[in-house]
Amino acid sequence: MKVALTGNPNSGKTTLFNAITGRVERVGNWPGVTIEKKEGVVKQRLHQEKNEIIVVDLPGAYSMSPFTSEESITSDFVKNEKPDVIINIVDAANLRRSLFFTTQLLELGIPVVVALNKSDLLKKKGIVLNVELLAKRLGCPVVKTIATGGSNSGLKELMAAVVGAKGRQQTAPFNGAGMQLTDQEAERAVDKKRFAFVDKIVDEVEEKKISSNGQTKQDAVDKILAHPWLGLPIFALVMWTVFSISQTHLGPFLADVFVGWIDSFYVWAEGLLAAGVSPVLRAILLDGIIGGVGAVVGFLPLIMVLFFLLALLEDCGYMTRVAVVMDRFFKRIGLSGKSIIPMIIGTGCAIPGVMAARTIKNERQRRTTVMLTPFMPCGAKLPVIALFSGVFFNHAAWVGTLMYFVGIAIIVIGALIVVRITGEKNVRSVFILELPDYKFPSIKRAAVSMFAKAKAFIIKAGTIILLCNAVVQIMQTFNWQFQVVAEGAEHTSILAGIASPFALLLIPLGFGTWQLAAAAITGFIAKENVVGTLAVVYSITNFIDVEEFALVGGATTVAEVMGLTSAAALAYLMFNLFTPPCFAAIGAMNAEMENKKWLASALLFQLSTGYVMAFITYQSGTFLTTGAPGTGFLPGLIVVAAIIGTMAYLVRKGNQKAAKKLVLTV
Amino acid sequence: MKRNEKAAASLAEVQLNREYVIHEVRTNDEELKNFLFTLGCYEGEKVTLLSVLSGNYIISVKDARYCVDKELAEAIIV
């Protein structure tokens with residue numbers, strides 16, 4: 001049997017879904033976390049039914065008439081797929097609005113079970129509900145639930161009610177469908193009656209001791225966190241804390257320990273392969289697979305700490321307040337305050353970040369957000385940042401911080417350019433967002449989310465990254481005649497042959513060697529590959545513990561092997577961070593933009609940005625340190641000038657379009 | 001409508017923490033109007049302005065709180 005989970009945004013549908021299926025889908029304390037339907041099987045111990053119960057988690061909706069695209073998924077599903085039972089999750093503290101949607105669901109002729117969720121908060125809010133009377137008035141079972149609670153949270157009772165409701169004839173206490181709906185006005189008149197009907201029920205079943213319209217503690221907290229002047233520094237401080245814990249304190253500490261284990265494994269495997277194995281196979285297994293994958297996996301602790309902290313942040317209700325604070329600034333650059341949420345999520349991983357943009361109603365704002373979100377350095381780019389700041393800048397914390405600020409600066413400039421190119425600089429859009437209650441973030445759920453991310457990361461390292469490293473190692477070992485390349489003749493290898501033409505383009509950026517070009521190319525498959533490929537092409541296995549490396553072969557070995565100046569290293573970092581993200585993220589961008597022209601423009605824009613940023617960094621850095629421009633200054637300058645010229649031309653064209661529109665509307 | 005009542009004000013101009021009755025939602029965007037309707041924000045319903053944060057207006061409608069921007073607050077006439 002099939003059961004659909006429906007309800008208002010942020011009523012706890014996915015939390016309930018996770019609780020009854022044991023899955024770990026993304027949850028967060030703001031409206032619009034779920035943007036796609038997800039299926040799962042209800043745990044057997046929660047019900048007596050012989051056949052399995054499939055439950056479908058749907059994005060939140062306020063009514064059957066959709067406003068944003070993810071809301072339409074919900075109404076389409078319950079109308080077309082005819083589930084056996086609908087579970088309507090209702091925020092117990094907000095019946096007056098939630099039951100509007102309930103009455104619409106009751107009209108579909110499908111049995112409905114109402115789950116009064118967050119019922120643990122009723123007492124705190126001074127609300128007493130008469131559940132029996134509510135069930136009688138609605139004509140369907142009503143069960144109190146606490147989706148975040150452990151045992152005794154009403155889940156068994158809910159599933160019993162669902163099994164019992166199957167096949168039952170559902171009658172609607174308020175039937176709007178039977179009335180004449182000739183036009184918009186008539187429809188609205190019916191819906192007004194619907195709200196009046198809901199109000200009547202709520203007046204009967206709800207007893208309130210505290211008025212919810214007055215000022216509460218929430219408002220006092222809001223006054224500080226969303227203060228016009230304090231709001232922004234507080235946000236900066238929160239994000240800085242997240243990154244400094246994950247990247248300079250706890251993360252690297254754990255990574256050191258972890259890398260020690262990987263090193264022991266390498267030594268153990270080396271001993272095992274000592275005799276009777278061909279040196280080529282040995283190199284592929286040891287340097288290609290264990291070395292390359294190990295270099296990437298070594299950064300796992302950093303990423304886990306980052307995801308843990310982001311999960312806490314998403315759970316406490318702060319995200320919507322950041323949107324409130326940022327709206328003022330983002331409006332000025334043609335985005336919505338809501339655009340900040342995809343960007344914060346994007347610091348973990350760009351894919352869910354890009355998908356989170358779906359709740360933005362305005363099409364251009366949504367597409368621009370999708371285009372700019374990957375500029376936030378994501379978890380997979382962390383290893384690249386950590387590696388370069390460790391090797392070239394003596395673990396300076398400013399390198400990581402600088403990358404985030406450059407990312408933010410590019411987002412601001414990018415948004416300004418896009419709004420002008422599209423000719424919509426005078427178009428205004430409205431901002432409306434429901435503010436959820438603050439709550440204490442759950443350590444348990446953050447841990448669950450962290451381990452789920454860690455698992456995904458290990459799977460990726462064991463599949464795509466392992467494969468890429470093996471291929472890179474093989475391509476590096478053999479030349480075009482499939483002979484093993486001799487020592488000192490590495491430039492004749494297949495890998496060098498493929499990467500060298502690209503390396504030519506990179507000369508003005510300061511890193512025109514085939515090794516670095518190869519790493520940048522594999523970076524498009526997955527950003528973790530940059531570190532993996534560098535480990536393979538330079539035969540370095542331990543990137544994190546540079547001190548240990550120093551003991552082996554001199555203080556600046558890694559830097560020397562790569563042959564990069566500090567300016568070129570920083571430029572390489574910029575190039576990897578600000579060119580298009582990995583293939584998976586590009587796929588997500590394609591899905592959310594729904595327009596090939598936008599996708600192509602976004603990729604071109606990202607590629608241009610990476611190139612221009614790297615050029616500026618390398619050339620100005622070289623000029624400052626040596627007093628002369630770096631190699632390939634002139635050809636690079638021509639390319640950069642062409643890029644900037646094209647943008648300026650497009651902006652001018654867009655501005656003319658905007659001016660024309662203004663004339664038309666006046 | 002009574003003629004001598006004081007001039008209608010938008011939500012952007014009202015006092016904090018006082019319950020008002022929505023008189024009109026003034027927008028050409030039918031879709032937005034419908035959306036506000038499903039939240040219970042339409043003429044005849046009660047609304048309270050809770051605070052003004054960073055240029056945005058925090059309003060309470062039907063026991064839920066929303067953040068709306070100045071433009072939208074100005075479209076809601078009480």
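This is a predicted model: local features need pLDDT of at least 70, side-chain atom pairs count only at pLDDT 80 or more; totals for chains, interfaces and linings use all residues.
Chain A is divided into two parts, with domain 1 covering residues 2-208 and domain 2 covering residues 232-665. The C-alpha centres of these two domains of chain A are 41 Å apart, and the contact between them draws on 21 residues from domain 1 and 22 residues from domain 2. Between them, domain 1 and domain 2 of chain A bury an area of about 1,900 Å², to which carbon and sulfur atoms contribute 57%. On the side of domain 1, Arg26(A), Asn29(A) and Trp30(A) supply 36% of the area buried against domain 2, more than any other three residues.

When the side of domain 1 that touches domain 2 is divided by secondary structure, helix H2 (residues 69-80) of chain A gives the largest share, which amounts to three residues.

Turning to the interface of the two chains, the contact takes 44 residues from chain A and 34 residues from chain B, and the area buried between chain A and chain B is about 3,600 Å², with 53% coming from carbon and sulfur atoms. Eight salt bridges are found across this interface, and 14 residue pairs, both at pLDDT 80 or more, are in polar contact there. Several elements of chain A, among them helix H3 (95-106), helix H12 (318-332) and strand S9 (432-434), each supply at least two residues of the side that touches chain B, while the largest share of that side, six residues, comes from H7(A). A salt bridge also joins the side chains of Arg96(A) and Asp63(B), with an N to O distance of 4.0 Å.

The cysteines remain to be considered. A disulfide is a covalent bond between the sulfur atoms of two cysteines, and a search of the whole structure finds zero disulfides over all chains. For Cys468(A) the reason is distance, because the closest cysteine sulfur, in Cys582(A), is 11 Å away and therefore too far for a bond; Cys468(A) itself counts as buried, at 12% relative accessibility. Cys41(B) is likewise in no disulfide, the nearest cysteine sulfur being that of Cys67(B) at 13 Å, and Cys41(B) is buried, with a relative accessible area of 4%.

Technical notes. Residues are numbered from 1 along each chain as its sequence is written. Chains are lettered from A and ligands numbered from 1 in the order in which they are written. Side-chain values use heavy atoms; hydrogens and water are left out. A disulfide is a pair of cysteine sulfur atoms within 2.5 Å. Buried means under 20% relative accessible area, exposed over 50%, partly exposed in between (1.4 Å probe, protein chains only). Domain bounds come from an automatic or database domain assignment. Contact means heavy atoms within 4.5 Å. Buried area is the accessible area (1.4 Å probe) that two parts lose on being put together, summed over both. Helices (H or I, at least four residues) and strands (E, at least two) are DSSP runs, numbered from the N terminus. A polar contact is a pair of N or O atoms within 3.5 Å; within protein, one must be able to donate a hydrogen and the other to accept it, and residues adjacent in sequence count only if both atoms are side-chain atoms.
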